[in-house]
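Please read the following note alongside the sequence and the model. It is arranged as numbered points.

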Amino acid sequence: MTRLAGSPTTFGVWGCVAGLCAVFAGSVDAIDPTERTADMPDSWLVLYNASSAESFIWALDYIKARDIPASNMMGLSGLGSAPPERLETEQEAQDLIVSPVRDLFAANPAFEQQIMGIVVGYGVPGMFGHIISQVSGIPDVDGGFSVAGALQDMSDDGLNPFSQQENNWDNPHFFGNTLPPEGRWTKALLGSKYPGGSVSNPRYMTARMDAPSLEEALDLVNRAIALEQDGATLWGQNIWYDFFDASFPSSNGEWYWLEIAPDVPELQDLPWSMFDVAQDDPIPNDAFRFAVYKLFGWTVDDFNLAPPGSRVLAYHLTSFGGITARSLTSPSGGVFVPNVLAAGYASAIGATAEPGSLVGLFPDTILAGLGEGWTLGESFYLGNPFDDWVWTLFGDPLLKLPNWFNDMTPVPGDINADGAVGPQDMAGFSACLSGPDGSSDSVCETFDIDGDGDFDLGDFAEFQMAYINGGSLDPRDADFDGDGVVDLNDYAAYETCRTSSTPTSLGACEILDFDYDLDVDFKDFAQMQIDFE
């Protein structure tokens, strides 16, 4: 048994995997609820399957990556080592998932006041029961109620799940706004617009992080963190949107709230680009994808386009899009979410059944929240019109986008905006190279590395150097001492580097490694001679 150091006011969370049990204990962080926000790592409770070693590994990796205290992990017992994604009955969901979380909070009220969100982790079921289809009137074959949705509000679980569906009054659209006029939601504000307020009727932000394999589940947080690095940028990326489908059951086949999103004042300057999902239009350089309908037939090929772009979030207003996170296929074919994630998106929004509403989450609130620097978990929660229903966020809720559109200049050659020149950028370079010289495509501008107005083999030479150099385009410079000329002083530095540097440790001598082969030799001296004055 392993115990983390605690204090007299500690609480414990048990977890057992393959006979090895641990209780994670820690003291409550006494941040005032009026100051606690959802970007604080200890504002999140992480659920994992205590019967699965892989689920335990995922949880440990996630809390380490996000600096979440181990005391915020909770192992759920009785699920089995390989539970299905859907628990057959509501009672199973109550007994195995919802009640244990509710009991933990009831036994540790100070801890509950710390928690704003709950992550349903790898290997934990994501659905329960069978929803009666609004169209056919019979139970859906694959869909069910969302486990993450049920955890948003655990104060009304004596009701039938259908009766639990209610308006999320924290959603600013119910008051005519895109974002809350109060500003960023705090723990004190969370649920405050509901009858009874946040103390007697608490709400929680939720997300699900599951995948077909442990490796893919671990990668979800990696994708989120990559988007947050200093070198990452959304520059040159697009927000692709398609608000019309002739089969969409609105009066005009349009998703009204997506249609008007580009005209919202906070979003008018963003790079909106229209496409037609019914025609399978290519949508390269994709940061966000919002569209309506196309219920079935999704495959990874629908999203594998070059260059791919930064791929932050994909969301379609459609039924059954999130009935699974673990399989790319299903009997009914409603597999939008897993195929999107398999294609490289960091996150997705999908419904675990037929939503029974043509409203769905509001795209403008999601984008405006992210543009404010708020987390994806916050933005999803505020954009969701319903509690306790079917809409589910798949991905890391702590994802943030500190480098918003046009906030910074990108690394030359880095088309996918991950801060480095790598394999995914190669496809983008090839696409730009095949076009006419002097192309007006603003995205291709990042490949005009030599600044001559076209994208040719001259740029490719520089691109290769960056690729070989581990993704960096920092220039090599024979002016070692930085005095503006290359002279005998720099030659002395070259002699020192040539005799002392090794292939594994160049240190300051790296600036003289002109051919990027991890040493300083006569090949580099040839370049130095060209610049010698």
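1. Basis of the note. This is a predicted model, in which local features need pLDDT of at least 70 and side-chain atom pairs count only at pLDDT 80 or more, while totals for chains, interfaces and linings use all residues. Residues are numbered from 1 along each chain as its sequence is written, and side-chain values use heavy atoms, with hydrogens and water left out.

2. Confidence. The chain has a mean pLDDT (the predictor's confidence in each residue, from 0 to 100) of 82, and 75% of its residues reach 70 or more. Over residues 1-14 pLDDT stays under 50; the model has 46 contacts (heavy atoms within 4.5 Å) beyond four places in sequence for this stretch. Residues 18-25 also stay under 50, with 33 such contacts.

3. Strand β3. Strands (E, at least two residues) and helices (H or I, at least four) are DSSP runs, numbered from the N terminus. In β3, residues 44-49, six of six residues are buried, that is, under 20% relative accessible area with a 1.4 Å probe, protein chains only. In a regular strand the side chains alternate between the two faces of the sheet. Here W44, V46 and Y48 lie on one side and L45, L47 and N49 on the other, and both faces are covered.

4. Neighbours of β3. Two strands pair if DSSP finds at least two bridges between them. Strand β6 (residues 117-120) runs parallel to β3 and is joined to it by four bridges; W44 stands opposite G117. Four bridges also link β3 to the parallel strand β4 (residues 73-76), where M74 is the bridge partner of L47. Between β3 and β4 the chain passes through helix α1 (residues 53-66) in a right-handed β-α-β crossover: with the strands pointing away from the viewer, the path from the first strand over the helix to the second runs clockwise.

5. Glu378. E378 belongs to helix α11 (residues 376-383) and counts as buried because its relative accessibility is 1%. Its side chain makes a polar contact (N or O atoms within 3.5 Å, one able to donate a hydrogen and the other to accept it) with the side chain of R184, at 2.9 Å. Beyond four places in sequence, the residues in contact with E378 include A38, D39 and M205.

6. Nonpolar cores. A nonpolar core is a set of buried Ala, Val, Leu, Ile, Met, Phe, Trp, Tyr and Cys residues joined through side-chain atoms within 4.5 Å. The largest has 123 residues, of which L45, W58, F105, L151 and F288 touch the most other members. Helix α2 (residues 90-107) gives the most to this core, seven residues. A second, separate core of six residues includes C509 and F525.

Methods: Buried means under 20% relative accessible area, exposed over 50%, partly exposed in between (1.4 Å probe, protein chains only).
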